[in-house]
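Work through the exercises below with the coordinates open. Each task is followed by a solution in steps.

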Amino acid sequence: MPRHKLPVRTAEYFLALLLCTPFTSSATEPATLDNHQNTISLSGLLQHSDIALMPEGTNGPPDTMLPLKPTVVAWGNDAVGLLTRPEVLKKRTDAYRQLGIKLLACNVWMLTATDRVLYDQPQYQHATCVDIAGTRVVPPWLDSNYKGVKPYWGCTNHPLFRQQVIARAKAGINAGANMLHLDDHLGTYAAAQFEGACFCDHCVRAFRDWLSEQYSPDELKALGVEEIESLDYRQLVQDAGFQTLAEYRKGTWAKKVPLHDQFLAFQREAAGAFVKELGDIAAELAGRDVPVGVNAFNLSPTQLSDAHIADFFCQRSGTLR
Ligand SMILES: [Zn+2]
C-alpha cells in the first residue's frame, strides 16, 4: 500500500481525547520539547493542529499513521511483558521518535500482571484482588488463559503488585517516553465498585488505618465500630451475613453491608494516591515534570474520580474502517 494512502481497510485508529489541565499559559511559539527545561506544560506544548493518537498494538506499525501527521502519542508502548527485555521497548519507542512525535507517552496497564506473568512468576498470584469469600477476581471482559492461569485482577493496594506497576512505569520512561499514561487507573477501586472486591489483608489493614484517620472514636462508635484497633473489616462483613459474593452483591445493592460507603471512599482515595505516586516517580526518574494521563473511559463520574490529579484523558473514542 502506498505510504500516502490511509490504510483504513484494516487499521483501527483511536483518536485520543486530550483534556489538559491546568491551562496555565497560552503558547504562541511552535511546540518543542526542551530537554533542559524542568517542566512540561501541556498547554504550552499542544497546538490546535496537533494530532494525538493512542496506539500500540492494534494500529500496526507506527508508519501507518504517517498520513495523519501525528505529533502526540497519548497512550504509547506498554512495558507489560517486556520488563526483562528493555531493548525491545526502547526500539519501539525510538520508532515513534523517528516519526517526529514530540509528546510520547508510555502506557502502564494497571489491571493485571497478565496471565503469562502470573504463570511464570506465581508470587503475583498472591497480589490479586479477592472477594469476600477469598476468591480471586478475574476482570469479566478478559478471557485469556495461560496454561490454566487466568489474568487475575491485580490489587493496587498490595505492595508486590504496586512494585510491578511502578517497574513498568519506570521502564517506559527509561525507554524514552516523556508522558505517562495509565490504563485501568482506578485499580482496586474499580474492583470494589463493580466486582465485590477487595478483601485482601492489605486492603483490610489499610481500610482500618484510613477509618482511624478519618473519624474520631465517637464517630466510629456511631458507625458501629467499638474498637478501631481490632477491626477486621472482612470479618465484620462476613459476620453481618455476607459470606459469598452473591450475598455481598445483594447486600450492597440493598445498602446493608456495613461501612460500604466508607470502604468505597477509602478505595477511591487509595487509587488516586497511587496515580499521583506513579506520576511523582516518573517525574523523579525523568528529572522533569511528566504529564500523566488516564483512560477515563466514557468520562463517567467514577472514572473522573482522579481528574484533579491527571493532566490529560485519553480514551478510545472512535474507529475508522
Ligand atoms: Zn486488596
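The exercises concern a predicted model and cover its sheet, a helix pair and a loop residue.

**Exercise 1.** Determine the strand order of the open sheet and find which strands are at its edges.

Solution. Step 1: the sheet has 6 strands, and their order is β1-β2-β3-β4-β5-β6. The pairing is parallel. Step 2: β1 (52–53) and β6 (312–313) each pair on one side only, and these are the edge strands.

**Exercise 2.** Describe the pairing of strand β4 with β3 and with β5, and decide how enclosed β4 is.

Solution. Step 1: β3 (residues 103–109) and β4 (residues 179–183) run parallel and are joined by 5 bridges. Step 3: a residue counts as buried if 20 or more other C-beta atoms lie within 10 Å of its own. Of the 5 residues of β4, 4 are buried, so the strand is largely enclosed by the rest of the structure.

**Exercise 3.** Characterise the packing of helices α4 and α10: angle, handedness and residue types.

Solution. Step 1: the axes of α4 (residues 159–174) and α10 (residues 260–286) come within 10 Å and cross at roughly 40°. Step 2: angles under 35 degrees count as roughly parallel and those from 65 to 115 as roughly perpendicular; the two helices are therefore oblique to each other. Step 3: the crossing of α4 and α10 is right-handed. Step 4: on the α4 side the contact involves Arg 162, Ile 166, Ala 169, Lys 170 and Ile 173; on the α10 side it involves Phe 274, Leu 278, Ile 281, Ala 282, Leu 285 and Ala 286. By type, the residues of this contact are 9 nonpolar, no polar and 2 charged.

**Exercise 4.** Is Leu 259 buried or exposed, and which residues does it contact beyond its sequence neighbours?

Solution. Step 1: Leu 259 lies in the loop between α9 (245–253) and α10. Step 2: there are 20 C-beta neighbours inside 10 Å, so Leu 259 counts as buried. Step 3: with neighbours within four places in sequence left aside, Leu 259 is in contact with Leu 223 and Tyr 233. Step 4: Val 225 is 34 residues from Leu 259 in sequence, and their C-alpha atoms are 9.4 Å apart.

Methods. Residues are numbered from 1 along each chain as its sequence is written. This is a predicted model: local features need pLDDT of at least 70, side-chain atom pairs count only at pLDDT 80 or more; totals for chains, interfaces and linings use all residues. Axes are lines fitted to C-alpha atoms, for helices over the stretch in contact, and angles run from 0 to 180 degrees between N-to-C directions. Angles under 35 degrees count as roughly parallel, over 145 as roughly antiparallel, 65 to 115 as roughly perpendicular and the rest as oblique. A crossing is left-handed if the near helix is turned anticlockwise from the far one by less than a right angle, and right-handed if clockwise. Two residues are in contact if their C-beta atoms, placed from the backbone, lie within 7 Å. Ala, Val, Leu, Ile, Met, Phe, Trp, Tyr, Cys and Pro count as nonpolar, Asp, Glu, Lys and Arg as charged, and the others, Gly among them, as polar. Two strands pair if DSSP finds at least two bridges between them. A residue is buried if 20 or more other C-beta atoms lie within 10 Å of its own, exposed if 12 or fewer, and partly exposed in between; C-beta atoms are placed from the backbone.
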